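Colleague: Could you walk me through how to read this one? I'd like the general idea each time, then the case at hand.

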Amino acid sequence: MFLGDATRNNITLLIPFESDSLSFDQGKIVVVSVPKDFGKGLLVSTQWETEKVIDVNTKQTKDNFAKEFYKGFPPQTTIQMISYSYKFYNGWSKPETLSYKYSDTMSIRSFWQTPNFSNFLQQIQSTNGSMLLLCVKGWKDTLWSTTHDDSNDESRALFMLQLQLVPAENRIYFGVPGKKDEAYEYKTDFVPRSKPLEEREGRFHNSRFEQNCISCHEGLPGASNGQSMNAECGVCHKEKMGDLFTHGPATEPKDCSSLCHSWSPDKKSVIVTKGVPVVCYDCHNEKKDEISAANFKHKVAGDCATCHSPHSSHNPALLKRDVFRLCTSCHQSHKMNHPVDKHPLRFVKLNDKSNEELSCVSCHNPHGSENASLLKAGGGSMAVCMQCHQK
Ligand code: HEC
Ligand code: HEC
Ligand code: HEC
Ligand code: HEC
Ligand code: HEC
Ligand code: HEC
Ligand code: HEC
């Protein structure tokens, strides 16, 4: 049946292959095979991440920092990495980082009691910096117990998981409770190391891979040999429709094939019929004109689905990440060192009536522009600044 990756601890990751990426979307289906007598269930650890900017300018915040830090995280979460930098009059300090291996990951409470935390606290109490940028990463453990039988091997069971990912690098672990050092590690990145769909091996929808599912999930694309695509795609691809902002054409669950998806010529997988960006221009013709007319085009403008989710998203404009994290996942160095020296890049309200936050796209057009550096305003640097700083 499936050709999974090498087996360790009898846990086999069937979909996706370790060499593929599952990171083009925020939530993905993962199929894992384990022996039936595996134990109490499959422990799956996915990453979580949070970022905060804290004003550390006053004695009051300095004195209460330890308590506020502790209260700031849900009790079940763990810490894998904490990285922080301070804002001084001449910019942000180089970030300092503490990290822990998966098997040594600790709860917030344990971290709170370590010498590392005491040192961190002392630093905060003595710093001359005005702000603290705090990024904390950790793992969220979920125990999965319901399985499907593996119809090809009676001694094994299949787990079907929907996993949420964080921007940039993810390390996901599959294992048994209490044996974290033996867990199976899966790594995946957001851009740029992700592979486009058509280059991925082991794509799911073909009659061989679907064999195990068709007894219960009727009308799968491969099950009908490419005749029709009337399966309820959303039963399995739940995450695609579940978010705050839904893409107009993806709201009709049985309409996946008429507008966008079809069989590959060899009938072995489901593809985007016309490919990106052509499929998008069918309806968003004005974007095609806007981009082709632009003097300066964003080099990645045609990869619409790198930035936008074609199905649904938590973010406005169907963006896969919030703007800062989306842009800096490729422009990593601009997180701290943007050429407009010391200018805030987020976390401040625009000084107009819109009540919106300043972001990369307050100044840049993400698709293309008349102006160099994809700037929204032309006329030299003064004019750029005068958009918001009229005097
Ligand atoms: C024994 C019958 C059976 C088999 C075999 C089966 N499924 Fe399911 N599956 C179900 C049922 C029942 C549901 C729940 C449907 C619902 O919530 O509407 C489900 C739900 C799912 C979901 C959604 C999970 C969630 O988050 O709730 C996914 C994904 C899924 N199946 C994938 C698969 C895949 C992939 C295969 C083949 C490897 C497969 N299933 C084989 C019965 C089966
Ligand atoms: C039984 C569950 C199930 C159903 C029903 C289902 N899919 Fe999938 N699909 C999967 C799994 C598992 C994958 C592989 C993991 C992933 O890419 O998220 C997948 C992957 C895909 C991919 C990526 C390319 C590939 O072949 O791996 C596309 C596109 C896709 N499905 C479209 C559809 C469409 C359209 C329908 C409805 C006609 C549908 N799926 C119904 C389980 C299902
Ligand atoms: C079948 C027509 C159709 C296709 C194909 C299509 N879209 Fe859309 N799209 C729509 C409609 C309708 C809306 C909702 C328009 C609105 O609310 O103004 C929309 C909205 C959007 C929005 C949100 C606009 C906003 O202001 O929030 C984005 C972003 C978007 N589409 C991107 C894409 C991308 C990327 C593709 C290709 C992967 C694509 N669309 C393909 C019809 C389509
Ligand atoms: C580098 C990331 C990126 C790429 C690639 C990208 N977009 Fe966007 N797009 C954005 C961002 C960010 C916004 C929100 C802009 C804002 O809020 O001012 C946006 C907004 C939009 C909107 C709604 C607002 C508007 O400007 O009309 C549409 C529609 C859209 N994009 C379509 C597309 C299409 C079609 C493609 C492919 C040809 C594409 N985008 C490629 C980042 C991107
Ligand atoms: C998928 C990766 C990717 C993402 C995401 C991305 N960019 Fe880019 N961007 C590039 C590449 C590649 C170039 C071309 C760089 C070069 O030529 O050196 C570029 C160029 C630029 C330039 C022009 C540089 C110049 O000198 O002309 C600006 C400005 C820019 N990006 C801003 C943004 C903003 C704002 C966002 C978020 C909306 C964003 N980028 C998201 C990959 C990306
Ligand atoms: C306040 C306005 C403003 C904001 C906010 C802003 N930029 Fe810029 N950016 C500029 C200006 C102005 C330039 C041109 C600087 C120059 O030519 O010296 C520029 C240049 C760039 C360049 C090209 C020059 C280079 O260093 O390669 C990139 C890439 C870029 N910005 C990315 C970003 C990203 C990513 C963000 C969000 C994290 C962002 N910018 C936020 C105004 C802004
Ligand atoms: C899209 C709107 C926008 C543009 C364009 C813009 N700024 Fe700003 N700028 C802001 C906002 C919002 C703040 C934060 C305001 C505050 O703290 O009161 C800010 C703050 C500043 C500050 C104070 C920084 C600090 O740390 O307190 C300086 C200096 C500044 N901008 C210079 C510039 C220059 C130079 C340019 C042109 C390259 C520019 N800005 C373009 C919106 C903008």
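**Sheets, cores and ligand shells**

Modeller: Let's start with a pair of strands: β10 and β11 run antiparallel and are joined by 2 bridges. Before going on, this is a predicted model, where local features need pLDDT of at least 70, side-chain atom pairs count only at pLDDT 80 or more, and totals for chains, interfaces and linings use all residues. Residues are numbered from 1 along each chain as its sequence is written, while chains are lettered from A and ligands numbered from 1 in the order in which they are written.

Colleague: What counts as a strand or a pair here, and which residue is the bridge partner of His 148 in β11?

Modeller: Strands (E, at least two residues) and helices (H or I, at least four) are DSSP runs, numbered from the N terminus. Two strands pair if DSSP finds at least two bridges between them. In this case His 148 has Leu 158 of β11 as its bridge partner.

Colleague: Which strands sit at the edges of that open sheet?

Modeller: The sheet has 4 strands in the order β1-β2-β11-β10, with antiparallel pairing. Its edge strands are β1 and β10 (148-149), each pairing on one side only.

Colleague: What does Leu 42 touch?

Modeller: Contact means that the two C-beta atoms, placed from the backbone, lie within 7 Å. Leaving out residues up to four places away in sequence, Leu 42 touches Val 32, Val 34, Trp 144, Phe 159 and Phe 174. Also, Gly 175 is 133 residues from Leu 42 in sequence, yet 5.8 Å from it in space, C-alpha to C-alpha.

Colleague: And which residues touch the most other members of the largest nonpolar core?

Modeller: A nonpolar core is a set of buried Ala, Val, Leu, Ile, Met, Phe, Trp, Tyr and Cys residues joined through C-beta atoms within 7 Å. Of the 19 residues in the largest one, those are Leu 13, Val 32, Leu 42, Phe 174 and Tyr 184. At least two residues of this core come from each of β1 (12-15), β2 (27-35), β3, β11 (156-164), β12 and β13. Another core, of 12 residues, lies apart from it, with Ile 79, Ile 82, Ile 124 and Val 136 among them.

Colleague: How do Phe 174 and Tyr 184 relate?

Modeller: They are bridge partners, Tyr 184 being in β13. Strand β12 (residues 170-175) runs antiparallel to β13, with 5 bridges. Across β13 (residues 184-188), Tyr 184, Tyr 186 and Thr 188 form the covered face, and Glu 185 and Lys 187 the uncovered one.

Colleague: Last, the ligands. Which residues come nearest to ligand 6?

Modeller: A residue is near a molecule if its C-beta atom, placed from the backbone, lies within 6 Å of it. Of the 19 around ligand 6, Cys 327, His 331, Pro 339, Cys 360 and Cys 363 come nearest. Helices α10 (323-330), α11 and α12 each supply at least two residues of that shell.

Colleague: And around ligand 7?

Modeller: There are 16 residues, the closest being Val 348, Ser 362, Cys 385, Gln 387 and Cys 388. Two or more residues come from α11 (360-363) and from α12 (380-386), and α12 gives the most, with 3.

Conventions:
A residue is buried if 20 or more other C-beta atoms lie within 10 Å of its own, exposed if 12 or fewer, and partly exposed in between; C-beta atoms are placed from the backbone.
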